[in-house]
Amino acid sequence: MGGESEKWILMVTARTPTNIAVIKYWGKRDETLILPINDSISVTLDPSHLCTTTTVSVSPSFDQDRMWLNGKEISLEGGRFQSCLREIRVRAQDVEDKKKGIKIKKEDWQKLHLHIASYNNFPTAAGLASSAAGLACLVYSLAKLMNLKEDNSQLSAIARQGSGSACRSLYGGFVKWVMGKEDNGSDSLAVQLADEKHWDELVIIIAVVSARQKETSSTSGMRDTVETSALIQHRAKEVVPKRIVQMEDAIQNRDFPSFARLTCTDSNQFHAVCLDTCPPIFYMNDTSHRIISCVEKWNSAEGAPQVAYTFDAGPNAVMIAHNKKTAALLLQRLLYNFPPQSDTDLDSYIIGDKSILKDAGIKDMKDVEALTPPPEVKDSIPLSQKSKGDVSYFICTRPGGGPVVLSDETQSLLGPLTGLPK
């Protein structure tokens, strides 16, 4: 093992997107293996706007496995991390880096320790699927470091054991997590329904209502729902299977009205099931409800869906517009109803793809204050009564690609000589 010196460090850096479910996963049939009670479908978000970057490194000089998340060291003792590390190590292959004179035999991986650094460019644990991107990136980067032969679908079954939704972040575009029937979870994995180019005119606007950590974690929330909700089994057995078929058709045919109706109704039913849990779980707040009202009024006035909305386990709204023109009209409505505080820098209030601001004809705060009520709003809302500051910021993005290895060493999160965070 190794070259001339036992102080060598081998590392890989990868970037993995997050995803937002349009047909929700909620409830497990196996808590340890993280096997769901229903199929789910998600859209992968453009990693240039929302992603996790992870650097994994190995060296005979490391004396224990260590991990840093967003610059802060965290424990790797948790069962989910350990499941992923165990599953990856057992599949590790021989690795040779001729340039550095490093040779690692597959049996050596059980003895070698790892340093892992991970960074999310969006809020962690605020209902934006940070754990999905994080665990998917961990598994993908380790698979590259250890030269695994498994394809992304097989890797998704490992990522699933860290965080259920993580399995869907192993692909770009539109992804289905097949619940599977086997007790060992071997057939519970992700498959790509269509890549990000299939329906690339869609535009996604996320209203970050709160970047705070949620009160009820998804893990405990799901467990309580499965144990106490009378609606959850009806949803899993009767409702979701039909919606999965309809959603697959809508995506394949780029049928936006059907896609939007299914996305909104499934999000609302997921939150109804949360309310049917004992004690009830409240992931959405008043601002979330006002955003739904704003979109529903517009869709109703037009006689056809212009925008879909969906909320994961948190108050943040993910809105999907049919195209850039609709997205610009949506942004005008959002800024009219939810303007920033007067002293806010618009550049930090709208992040991601800023071209939508230009399409909406908005250059500065004066343009925001000059916005007129949309046609579906009967009376003008006085500025003093608007929901100023209720949205922290908006992220403008689009469907995006799957995980990639970053070959530029300057993007590594760990120092090449120390294996410690830069």
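User: Why are α1 and α2 called roughly parallel to each other?

Analyst: This is a predicted model, in which local features need pLDDT of at least 70, side-chain atom pairs count only at pLDDT 80 or more, and totals for chains, interfaces and linings use all residues. Residues are numbered from 1 along each chain as its sequence is written, and side-chain values use heavy atoms, with hydrogens and water left out. Helix α1 (residues 79–91) and helix α2 (residues 130–145) pack at an angle of about 20°. Angles under 35 degrees count as roughly parallel, over 145 as roughly antiparallel, 65 to 115 as roughly perpendicular and the rest as oblique. The pair α1 and α2 is therefore roughly parallel.

User: What makes α2 oblique to α3?

Analyst: α2 and helix α3 (residues 152–159) pack at about 125°, their axes 9 Å apart. That angle makes α2 oblique to α3.

User: Which residues of α2 and α3 make the contact?

Analyst: Contact means heavy atoms within 4.5 Å. Among those making it are L135 and V139 of α2 and L155 and I158 of α3.

User: What makes a set of residues a nonpolar core?

Analyst: Such a core is a set of buried Ala, Val, Leu, Ile, Met, Phe, Trp, Tyr and Cys residues joined through side-chain atoms within 4.5 Å; buried means under 20% relative accessible area, exposed over 50%, partly exposed in between (1.4 Å probe, protein chains only). The largest one here has 68 residues, with F174 and F394 among those with the most contacts inside it. Helix α8 (residues 324–337) supplies its largest share, seven residues. A second, separate core of 54 residues includes F81 and Y171.

Methods: Helices (H or I, at least four residues) and strands (E, at least two) are DSSP runs, numbered from the N terminus. Axes are lines fitted to C-alpha atoms, for helices over the stretch in contact, and angles run from 0 to 180 degrees between N-to-C directions.
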